[in-house]
Amino acid sequence: MNYINNIHKKYIKMALEEAQNSGNDVPIGAIIVKDNEIIARASNNKEKNNDPTGHAEILVIKQASSILKNWRLIDTTIYITLEPCPMCASAILYSRIPNVVFGAYDTLYGAFGSVLNMQDYIKFKPKIIGGIMEEECGNLLKNFFEDKRERNE
């Protein structure tokens with residue numbers, strides 16, 4: 001179990017690095033791994049592209065689907081720094097990603113158990129693991145919003 005936990009930490013760290021590319025967007029990063037290799041990575045770009053669907057999860061799913069030439073992302077794992085919102089959780093479920101690992105829980109919009117569970121509405125049931133490097137992922141978000149408040153944005 002420790003080996004598995006170390007693998008999850010390794011990839012969440014990489015998702016945290018990806019979150020640093022979010023610019024003015026909420027710093028959330030996501031990566032998709034297949035056969036122990038990162039096949040796609042993304043960070044939020046909602047503000048940058050004026051796109052309400054510009055969440056890291058949506059972007060990384062589109063990349064992975066394009067690379068694999070299949071909308072079914074079987075035999076993959078998605079790593080995200082924050083528990084997905086309902087839109088992203090639905091996209092994860094509809095793309096058939098069998099393993100979901102996230103860092104911080106989202107008590108406002110979390111859709112894999114914190115506020116609601118999209119698995120209650122969609123029949124596909126991936127394995128979900130939350131709280132990997134929760135403190136580091138949460139601090140990234142906390143610092144981002146504290147900084148925004150200090151600058152009155």
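Predicted model: local features only at pLDDT ≥ 70, side-chain atom pairs only at ≥ 80, totals over all residues.
Residues are numbered from 1 along each chain as its sequence is written, and side-chain values use heavy atoms, with hydrogens and water left out. The fold has an open sheet of 5 strands with mixed pairing, and a search of the whole structure finds 2 salt bridges.

**The sheet**

- Going across the open sheet, the strand order is β2-β1-β3-β4-β5; strands (E, at least two residues) and helices (H or I, at least four) are DSSP runs, numbered from the N terminus.
- The edges belong to β2 (37–43) and β5 (127–129), each with a single partner strand, so one side of each has no neighbour in the sheet.
- From one strand to the next, the twist averages 15 degrees; angles run from 0 to 180 degrees between N-to-C directions, with axes fitted to C-alpha atoms, for helices over the stretch in contact.
- Helix α5 (residues 134–150) packs on the sheet and touches β3 and β4 (99–104), its direction making about 60 degrees with that of β4; contact here means heavy atoms within 4.5 Å.

**Strand β1 and its partners**

- As a reminder, strands of a sheet pair through backbone hydrogen bonds, either parallel or antiparallel.
- β1 (residues 29–34) pairs with β2 in the antiparallel sense over 6 bridges, and with β3 in the antiparallel sense over 5 bridges; two strands count as paired if DSSP finds at least two bridges between them.
- Ile32 has a bridge partner in β2, Ala40, and another in β3, Ile78.
- Val33 is bridged to Ile38 of β2.
- The hairpin of β1 and β2 has 2 residues between the strands, and Asp35 takes a positive phi there, near 55 degrees.
- In β1, 6 of its 6 residues are buried, where buried means under 20% relative accessible area, exposed over 50%, and partly exposed in between (1.4 Å probe, protein chains only).
- Both faces of β1 are covered, with Gly29, Ile31 and Val33 buried on one side and Ala30, Ile32 and Lys34 buried on the other.

**Helix α4 and Cys88**

- The buried residues of α4 (86–94) are Cys88, Ala89, Ser90, Ile92 and Leu93, and they pack against α3 (56–68), β3 and β4.
- Cys88 counts as buried because its relative accessibility is 0%.
- Leaving out residues up to four places away in sequence, Cys88 touches His55, Glu57 and Ile58.
- Between Cys88 and Ala111, 23 residues apart along the chain, the C-alpha separation is 8.4 Å.
- After α4 comes Arg96, which has a positive phi near 65 degrees.

- Glu83 sits in the loop between β3 (76–82) and α4.
- Although buried, Glu83 has no salt bridge, and the nearest side chain of opposite charge, Lys125, is 14 Å away; Lys and Arg count as positive, Asp and Glu as negative, while His and the chain ends are not counted.
- Polar atoms of the Glu83 side chain lie 3.0 Å from the backbone nitrogen of Asp106 and 3.0 Å from the backbone nitrogen of Phe112.
- Not counting residues up to four places away in sequence, Glu83 touches several residues, including Phe102, Tyr105, Gly110 and Ser114.

**Asn45**

- Asn45 is in the loop between β2 and α2 (46–49).
- With a relative accessible area of 15%, Asn45 is buried.
- Asn45 touches Asp25, Asn50, Gly54 and Leu59, residues up to four places away in sequence being left out.

**Salt bridges**

- A salt bridge is a side-chain nitrogen of Lys or Arg within 4 Å of a carboxyl oxygen of Asp or Glu.
- One joins Arg41 and Glu18, with the closest N and O atoms 3.8 Å apart.
- Arg41 lies in strand β2 and Glu18 in helix α1 (residues 2–19), so this pair ties together parts that are 23 residues apart in sequence.
- Arg41 is partly exposed at 37% relative accessibility, whereas Glu18 is buried at 11%.
- Another joins Arg151 and Asp147, with the closest N and O atoms 3.3 Å apart.
- Arg151 is partly exposed at 44% relative accessible area, and Asp147 is partly exposed at 36%.

Key
Polar contact = N/O pair within 3.5 Å; in protein donor to acceptor, adjacent residues only side chain to side chain.
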